[in-house]
Amino acid sequence: MPTALIIGASRGIGREFALQYRAAGWRVIATARTEAGQTELRALGCEPLPLDVNNINDCAGLGWLLDDEKIDVAVLNAGVFGPRTASLASPQEDHFDEVMHTNVLAAMRLLPIVLPLVENAAGKLAVISSSMGSIASRSDPQAWLYRASKAALNSVLKDISLAAKKSTCIAFHPGWVKTEMGGAGAEIDVQESVAGMRATLASLARSDNGKFIDYQGAAIAW
């Protein structure tokens, strides 16, 4: 039975990943920050683990809890949007810290722990990024703190891919998805987004390592 690790699975895209992999017969290890979230994941048939990605002890503890696991697919989904600025408004320090710690520092703490587990299975590792993190295709400065954090996350993923010897590591743009973050006016529902990402992950070859792609597998400019 293949194993999926979903980091940040209590809602939205992460929860849907857990649901779909369980429905496909996978063993799913899924993290949530709260006890309520862990209880819900257990009810879905997942193996829940406690994790606040902004707690360094939780991040270190995840490595201990997952020691010697073989992870076929790992998805780092945890993230926040931050202030929805329409202009170049200087971010408040607490907003900057929250977004950068959650979207970037957490990845730099967790991915070096998770990568060896994915390497054990010659598996796939994905971070949930955004096309808003693309520098080449950027056309406006809206939500520039979030954009900066996703561009930084892409950089982290690229470095992780360079350390990978057997696994395939990619950054995903999941589409504009109808979640709490994406809003009700988004283009696609979460089921379509996750189904597309799962199919794309399954089709990836080792030669795709280090790519930035959308949920359907199309390349996105860095």
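How many aromatic pairs does the rule give? The count comes to four, where rings of Phe, Tyr and Trp (its six-membered ring) pair if their centres lie within 6.5 Å.

1. Basis. This is a predicted model: local features need pLDDT of at least 70, side-chain atom pairs count only at pLDDT 80 or more, and totals for chains, interfaces and linings use all residues. Residues are numbered from 1 along each chain as its sequence is written, and side-chain values use heavy atoms, without hydrogens and water.

2. Phe17 and Tyr21. Their ring centres are 6.1 Å apart and the planes meet at 10 degrees, so the pair is stacked (planes under 30 degrees apart; over 60 is edge-to-face, the rest tilted). Both sit in helix 1 (residues 12-23), four residues apart, or about one helical turn. Helices are DSSP runs of H or I, at least four residues; strands are runs of E, at least two; numbering starts at the N terminus. Phe17 is buried at 0% relative accessible area (buried is under 20%, exposed over 50%, partly exposed in between; 1.4 Å probe, protein chains only). Tyr21 is buried at 3%.

3. Phe212 and Trp222. This pair is tilted, with 5.3 Å between centres and 35 degrees between planes. Phe212 lies in strand 7 (residues 212-214) and Trp222 in the segment after strand 7, so the pair ties together parts ten residues apart in sequence. Phe212 is buried at 2%; Trp222 is partly exposed at 39%.

4. Cysteines. The whole structure has zero disulfides (cysteine sulfur pairs within 2.5 Å). The sulfur of Cys46 is 20 Å from its closest cysteine sulfur, in Cys59, too far for a bond.
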